[in-house]
Amino acid sequence: MLDVGAPLPGTSEPAERADAARNRRLLLDAAQQLVREHGVDSLTMDALAKRAGVGKGTVFRRFGSRSGLMLALLDHSEQKYQESFIFGPPPLGPGAPPVERLVAFGRARLLDIEVEGELHRAAELGEAGDRYSGAPYGLLRAHVAMLLRQADMPGEVPLVADWLLAMLGAALVMHQMQVLGYTREQIGDNWEDVVRRVVTR
């Protein structure tokens, strides 16, 4: 059982903060597992409490509501994705050729959208006009642009980075999967083909 209740008396303030952050991450890991296994509709406060082995009240104190939990989970998922392409093992992380990293970047994003698409789509709609000037998108754009430069791609790198990221937009990918009937593997294969054509033209 996770210890995510009130801190023990006499615990120092920095330790409380570190412990709270650790336990919050454990709760969000459990929430992410639920979504990946059973879909976003399965993620309720009750289901998360049961999966994490804590009381329902603890989940409500941490996130306030299911909506708050969803927002926290999306942020958690984004942070893990960012950590994986900045610090993780190759080919997604450092150590692989730039083209292979770009291919892995897209395939990893597609997996996230397949299992957490509603969260990503809601975030994109919520960001609206701020989406392309915000820090989350800026980090993705900078990463893709860096890999394009490392691959010696000719042309306007920032424009191509935006164009490639548009292919990974949650609303478009979910339309391709749910309406047009493409599989994640097919979309991933198309991503790889486009990436290789762009950097070798």
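**Helix H4 and the helices that follow**

Guide: Histidine 76 belongs to helix H4, which spans residues 66-87; helices (H or I, at least four residues) and strands (E, at least two) are DSSP runs, numbered from the N terminus. The model is a predicted one, in which local features need pLDDT of at least 70 and side-chain atom pairs count only at pLDDT 80 or more, whereas totals for chains, interfaces and linings use all residues. Residues are numbered from 1 along each chain as its sequence is written, and side-chain values use heavy atoms, with hydrogens and water left out.

The protein has 9 helices and 0 strands, and from the N terminus on its elements read α-α-α-α-α-α-α-α-α. Of its 201 residues, 42% are buried (under 20% relative accessible area; exposed is over 50% and partly exposed in between, with a 1.4 Å probe and protein chains only). The accessible surface comes to about 10,700 Å², and carbon and sulfur atoms account for 57% of that area (Shrake-Rupley method, 1.4 Å probe). When contacts between residues at least 6 apart in sequence are considered, 64% of them join residues at least 24 apart; a contact means heavy atoms within 4.5 Å.

Beyond its neighbours within four places in sequence, histidine 76 is in contact with Arg25, Leu28, Asp29 and Gln32. Leucine 73 also lies in helix H4, and because its relative accessibility is 0%, it counts as buried. With neighbours within four places in sequence again set aside, the contacts of leucine 73 are Leu28, Ala31, Gln32, Val35, Leu43 and Leu119.

Helix packing comes next. Two packed helices are described by the angle between their axes and the distance between the axes. Axes are lines fitted to C-alpha atoms, for helices over the stretch in contact, and angles run from 0 to 180 degrees between N-to-C directions. H4 packs against H6 at an angle of about 25°, the axes being 12 Å apart. H4 is therefore roughly parallel to H6 (under 35 degrees; over 145 is roughly antiparallel, 65 to 115 roughly perpendicular and the rest oblique). Their contact involves Tyr81, Gln82, Phe85 and Ile86 of H4 together with Leu139, Leu140 and His143 of H6. By class, these residues comprise 5 nonpolar, 2 polar and no charged (nonpolar: Ala, Val, Leu, Ile, Met, Phe, Trp, Tyr, Cys and Pro; charged: Asp, Glu, Lys and Arg; polar: the others, Gly among them).

The peptide bond from proline 90 to proline 91 is cis, with omega near 10°.

Helix H6 (residues 135-150) also packs with H7, at an angle of about 120° and with the axes 9 Å apart; the two are therefore oblique to each other. On the H6 side, the contact residues include Tyr137, Leu140, Arg141 and Val144, and on the H7 side they include Val157, Pro158, Val160 and Ala161. This contact has 11 nonpolar, no polar and 3 charged residues. The loop between H6 and H7 contains aspartate 152. Although not a glycine, aspartate 152 has a positive phi of about 60°, and because its relative accessible area is 63%, aspartate 152 is exposed.

The axes of H7 and helix H9 (residues 184-200) come within 11 Å and cross at roughly 170°, so H7 is roughly antiparallel to H9. Val160, Trp163 and Leu164 of H7 meet Trp191, Val194, Val195 and Val198 of H9, and the residues of this contact divide into 7 nonpolar, no polar and no charged. Tryptophan 163, in helix H7 (residues 157-166), is partly exposed because its relative accessible area is 47%. Not counting residues up to four places away in sequence, tryptophan 163 touches Val194 and Val198. Tryptophan 163 and arginine 141 are 22 residues apart in sequence, with a C-alpha to C-alpha separation of 9.9 Å.
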